[in-house]
Amino acid sequence: ILKSGKPYQTQILSGDAGGRGLVVQDVDAPTHIVWDRILDYDNYANMVPKTLDSKNYKVVPHKPTKANNFLEKEIYTRMKVGF
């Protein structure tokens, strides 16, 4: 699927009314642009097909450590997706 340029999508159900979605796609773009798009949760409905709504409900800032100097924050996002 990825070699054809199409995304791989799946849904993992959890309980009666929720779950997780997973989408994987190869992208030919500079790393900083890819990360900017991934972290732009407020605009997912404009960028990601079938995404109806997306809002961050919790952001936890972190100070980098020797063990993990890349983690700046944890972002908890609720997305509404129509399949």
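Let's start with the rings: a search of the whole structure turns up 2 aromatic pairs. Rings of Phe, Tyr and Trp (its six-membered ring) pair if their centres lie within 6.5 Å; planes under 30 degrees apart are stacked, over 60 edge-to-face, and the rest tilted. Y41 and Y44 are both buried. Buried means under 20% relative accessible area, exposed means over 50%, and partly exposed is in between, with a 1.4 Å probe and protein chains only.

Before going on, the ground rules. This is a predicted model, so local features need pLDDT of at least 70 and side-chain atom pairs count only at pLDDT 80 or more, while totals for chains, interfaces and linings use all residues. Residues are numbered from 1 along each chain as its sequence is written, and side-chain values use heavy atoms, with hydrogens and water left out.

Next, Y57 and Y76. Their ring centres are 6.1 Å apart and the planes meet at 50°, so this pair is tilted. Y57 lies in strand β3 and Y76 in strand β4 (residues 73–81), so the pair ties together parts that are 19 residues apart in sequence. Helices (H or I, at least four residues) and strands (E, at least two) are DSSP runs, numbered from the N terminus. Buried or exposed, or in between, for Y57? Partly exposed, because its relative accessible area is 47%. Y76 is at 30%, so Y76 also counts as partly exposed.

Both of these rings have a charge over them. The criterion: NZ of Lys or CZ of Arg within 6 Å of the ring centre and within 35 degrees of the ring normal. The charged end of K58 sits over the ring of Y76, 5.1 Å from the centre. Over the ring of Y57 sits the charged end of R78, 4.3 Å from the centre.

R78 brings us to S54. S54 is in strand β3, residues 51–61. Its relative accessibility is 3%, so S54 counts as buried. What does S54 touch, beyond four places in sequence? Y41, D42, Y44, T77, R78 and M79. Contact here means heavy atoms within 4.5 Å.

Staying in strand β3, take T51. T51 is buried, because its relative accessible area is 8%. Setting aside residues up to four places away, T51 touches Y44, A45, K80 and V81.

Over to strand β4, and I75. I75 is partly exposed, at 24% relative accessible area. Its contacts outside four places in sequence are L39, Y41, N56, K58 and V59. I75 and Y41 are 34 residues apart in sequence, and their C-alpha atoms are 9.4 Å apart.

Now the pocket. The largest pocket holds about 1,400 Å³ of space. How many residues line it? There are 33, and G21, L22, V23, Y44 and M79 lie nearest its centre. Elements giving two or more residues to that lining are β1 (8–14), β2 (18–24), α1 (31–38), α2 (44–47), β3 and β4. β2 gives the most, with 7 residues. For the method: on a 1 Å grid over the protein atoms alone, a pocket is an open set of points where a 1.4 Å probe fits, with protein on both sides within 12 Å along at least five of seven lines, and lining residues have an atom within 4 Å of a point. Grid points are joined across faces, edges and corners, and the volume is the space filled by probe spheres set on the points.

Q25 is in the loop between β2 and α1. Q25 is partly exposed, at 41%. Outside four places in sequence, Q25 is in contact with L2, G5 and P7. Its side chain reaches the backbone oxygen of G5 at 3.2 Å. Q25 and P7 are 18 residues apart along the chain, with C-alpha atoms separated by 4.5 Å.

Last, K50, in the loop between α2 and β3. K50 is not a glycine, yet its phi is positive, about 75°. Most residues other than glycine have a negative phi. K50 is partly exposed, at 45% relative accessibility.

Note on methods:
A polar contact is a pair of N or O atoms within 3.5 Å; within protein, one must be able to donate a hydrogen and the other to accept it, and residues adjacent in sequence count only if both atoms are side-chain atoms.
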